[in-house]
Amino acid sequence: MLRLPRVHIEMQPVDVDEGWQALPGFPPGLDVKILADDLDEINKTGARTRLVRFAPGIGTEAPLVHDYWEEVFLISGSIEPANHASANGQGLTYACRPPGTPHGPFRSEAGCIMIELQYYAAQR
């Protein structure tokens with residue numbers, strides 16, 4: 001997976017048509033576009049900012065759990081829990097998940113694009 005270090009970027013256009021990569025370990029049609037990534041899961045440091053795109057009819061297959069914070073904002077389309085159809089994931093939708101929070105599986109009948117912020121926070 002391409003890693004783009006976190007550097008100063010000042011209001012640059014983002015091409016949502018090109019530059020997507022298949023997300024390893026997930027079904028075809030679930031792609032990511034890395035915007036910045038210095039997340040180090042071994043040393044538990046850093047952060048990742050990426051776009052995630054579900055093609056229409058695509059979903060994840062199992063719940064996910066990770067040891068970093070994750071914030072997700074739905075930019076376009078809709079997404080819902082895979083076990084039942086719902087309108088809850090349409091429009092402006094936001095999630096904030098502390099480390100260890102199970103989430104998913106999800107499905108997008110219409111397709112969607114989300115922005116994900118994943119990061120390790122300093123312990124208090």
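Strands β5 (residues 69-77) and β9 are paired in the antiparallel sense over eight bridges. Strands here are DSSP runs of E with at least two residues, numbered from the N terminus, and two strands pair if DSSP finds at least two bridges between them. The model is predicted, so local features need pLDDT of at least 70 and side-chain atom pairs count only at pLDDT 80 or more, while totals for chains, interfaces and linings use all residues. Residues are numbered from 1 along each chain as its sequence is written, and side-chain values use heavy atoms, with hydrogens and water left out.

**The sheet**

- Within the pairing of β5 and β9, S76 stands opposite I113 in β9.
- Strand β9 (residues 112-119) is also joined to strand β3 (residues 47-54) by eight bridges, and these two strands run antiparallel.
- A47 has Y119 of β9 opposite it.
- Six strands make up an open, antiparallel sheet in the order β1-β2-β3-β9-β5-β7.
- The edges are β1 (21-22) and β7 (93-97); each has a single partner strand, so one side of each is left without a neighbour in the sheet.
- The pairing of β1 with strand β2 (residues 30-37) is antiparallel and has two bridges, and A22 has D31 in β2 as its bridge partner.
- In general, strands of a sheet pair through backbone hydrogen bonds, either parallel or antiparallel.

**Two residues in detail**

- G29 is placed in the loop between β1 and β2.
- With a relative accessibility of 21%, G29 counts as partly exposed; buried means under 20% relative accessible area, exposed means over 50%, and partly exposed lies in between (1.4 Å probe, protein chains only).
- G29 and G57 are 28 residues apart along the chain, and their C-alpha atoms are separated by 8.8 Å.
- Apart from neighbours within four places in sequence, G29 is in contact (heavy atoms within 4.5 Å) with R53, F54, A55 and I58.
- R50 belongs to strand β3 and is buried, its relative accessible area being 11%.

**The nonpolar core**

- A nonpolar core is a set of buried Ala, Val, Leu, Ile, Met, Phe, Trp, Tyr and Cys residues joined through side-chain atoms within 4.5 Å.
- The largest such core has 12 residues, namely L23, L30, V32, I34, V52, F54, I58, V72, L74, I79, C112 and M114.
- Two or more residues of this core come from each of β2, β3, β5 and β9, and β2 gives the most, with three.

**The pockets**

- On a 1 Å grid over the protein atoms alone, a pocket is an open set of points where a 1.4 Å probe fits, with protein on both sides within 12 Å along at least five of seven lines; lining residues have an atom within 4 Å of a point.
- The largest pocket holds about 590 Å³ of space.
- Among the 33 residues that line the largest pocket, L64, E70, R97, H103 and E116 are the closest to its centre.
- The lining of the largest pocket comprises 19 nonpolar, seven polar and seven charged residues.
- The second largest pocket contains about 210 Å³ of space, and its lining consists of R6, V7, I9, M11, Q12, V14, L35, A36 and T49.

Notes. Helices (H or I, at least four residues) and strands (E, at least two) are DSSP runs, numbered from the N terminus. Grid points are joined across faces, edges and corners, and a volume is the space filled by probe spheres set on the points. Ala, Val, Leu, Ile, Met, Phe, Trp, Tyr, Cys and Pro count as nonpolar, Asp, Glu, Lys and Arg as charged, and the others, Gly among them, as polar.
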